[in-house]
Every structure is written in C-alpha cells, then in structure tokens.
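Okay, thanks for coming, everyone. Let me put the model up and then walk you through a few parts of it.

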Amino acid sequence: MSNDLIVGFSGNITRPSSTKRFVESVTASLAERAGLDHAVFDVEDFGPALATARSIADLDTKAQAVIRTIIEADALVIGSPTYKGSYTGLFKHVIDLLDPADLRGKPIILTATGGGDRHALMVEHQLRPLFAFFEAFVVPTAVYASSRDFTDGAPSPAITGRVEQALTQAAALVRTRSAPTAIAAE
Ligand SMILES: Cc1cc2nc3c(=O)[nH]c(=O)nc-3n(C[C@H](O)[C@H](O)[C@H](O)COP(=O)(O)O)c2cc1C
C-alpha cells in the first residue's frame, strides 16, 4: 500500500528535539528528490495512551492514524536519540505494535543523534538489526550526528555528505518501487 508520502518518524520523547529536527530535514530532502509530499511524527504524537497500549487497537484515533501513515509510507526516515547506547524505549514500543510484515520491502533511511561520538555505531548495531527483522530495504548509509556536528543548527560538511549519500540510495529505491513492473506487461 502507498500514500505517495515520505514519512519521518523520530523516537524523541521530549520536545524540542534535535533528532526530530534532523529527521524533518532529511525527510523533506528525500520528498523533494522523489517528488512526493512528506510528514513527520515523533513518539509524542502517540499521546499518553501509548505506554499502556498492547496493540494498535488500544491507541486513540489520532495515534492510529499516525501508525497507519507510517505503515503506508512510500519510504521512511527513522531517527532516535541515543539513550543508554540504543534507541529510546518508547520508540521500540511503537515499533513493537507493528505486524512483522508491515515494513517489508520499504525503503528506509536510518539516523540517530547522541550526546557524543562514542555511540556512533548505534545506527548499525541497534537500528539496522531492528529493521532487518521487518525485511525492509534499509539503505547502506546510515547517519549518526552528535551535538558537535551542528553549528547554529547547521550540519557539518561530513554529515551533509553522508545525508546526500543516503538520499541518493533511498531515492533510487523509491523510484524502483513506484515504477510500473516490466514483468506485468510480458
Ligand atoms: C536518558 C538519556 C540517555 C542518554 N544516553 C546517551 C548515550 O548512551 N549515548 C549518547 O551519546 N548520548 C546519550 N544521551 C544524550 C542524547 O542522545 C542526546 O542529547 C540526543 O541528541 C538528544 O536528542 P533529542 O534532542 O532529540 O532529545 C542520553 C540522553 C538521555 C536523556
């Protein structure tokens, strides 16, 4: 299923959030490249019912709409602040509500922020295996940014370069997914 939308989802549990800001920027850039609209959500959008929800049906109407938009996205930009060397607990709780088939084949860019550089491999050792479980098409370039990578909110050239790489990889996947299959015509 597709909603012609690139969707960002950030695991921040407080606002304002540097992670959400970063996810917003990457999501908008991917949408521009793909010629699609975009929307960005964070854990806060799920409201207080999230913590007690054991299935999507337990969420309120607004939160159910958010999770449906994530499931139907043409591509996802995922981000989380690093908490104790991993993604936030409530981010994982949202992901735990999904069916194992919900993200199969979906192009995904992985991002994370952290207080320092020591946990830069969090994107590879925590986020990548999680989305491998869902059999998603996670692009090879993941982006971890610490507070030192930003000056007045602007990312360093190193981060911009990695984002560009990830965008190129994801845009190619989005194009492939939306192209009519040649096999169908045979
Ligand atoms: C509970 C908690 C645990 C954290 N654990 C880590 C950590 O293990 N490694 C790290 O680099 N930063 C850690 N941080 C710092 C955050 O990852 C960092 O400030 C992040 O960019 C905040 O993102 P946000 O503005 O979206 O909330 C932690 C912060 C909190 C509040």
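So, to start: is Phe22 buried or exposed? Phe22 is buried, because its relative accessible area is 4%. By buried I mean under 20% relative accessible area, with exposed being over 50% and partly exposed in between, using a 1.4 Å probe and protein chains only.

Quick housekeeping. This is a predicted model, so local features need pLDDT of at least 70 and side-chain atom pairs count only at pLDDT 80 or more, while totals for chains, interfaces and linings use all residues. Residues are numbered from 1 along each chain as its sequence is written, and side-chain values use heavy atoms, with hydrogens and water left out.

Back to Phe22, which sits in helix 1. Helices here are DSSP runs of H or I with at least four residues, strands are E runs of at least two, and both are numbered from the N terminus. Skipping neighbours within four places in sequence, Phe22 is in contact (heavy atoms within 4.5 Å) with Thr111, Val143, Ala145, Phe150, Ile159 and Val163.

Next, strand 3. Seven of its seven residues are buried, so strand 3 is largely enclosed by the rest of the structure. In a regular strand, side chains alternate between the two faces of the sheet. Here, Ala75, Val77, Gly79 and Pro81 are buried on one side, and Leu76, Ile78 and Ser80 on the other.

What about its partners? Strands pair if DSSP finds at least two bridges between them. Strand 1 runs parallel to strand 3, with five bridges, and Phe9 stands opposite Ile78. Strand 4 is also parallel to strand 3, joined by six bridges, and there Pro81 faces Thr113.

Now the ligand. How many residues surround the ligand? There are 16, and the closest are Ser17, Thr19, Thr82, Thr113 and His119; a residue counts if one of its heavy atoms lies within 4 Å. Helix 1 and strand 4 each supply at least two of the shell residues.

For polar contacts, think N or O pairs within 3.5 Å. A polar side-chain atom of Ser17 is 2.5 Å from a ligand oxygen. A polar backbone atom of Gly85 lies 2.9 Å from an oxygen of the ligand, and a backbone N or O of Gly115 is 3.0 Å from a ligand nitrogen. On its own the ligand exposes 650 Å², and the protein buries 67% of that; those areas are Shrake-Rupley with a 1.4 Å probe.

Notes
Polar contact = N/O pair within 3.5 Å; in protein donor to acceptor, adjacent residues only side chain to side chain.
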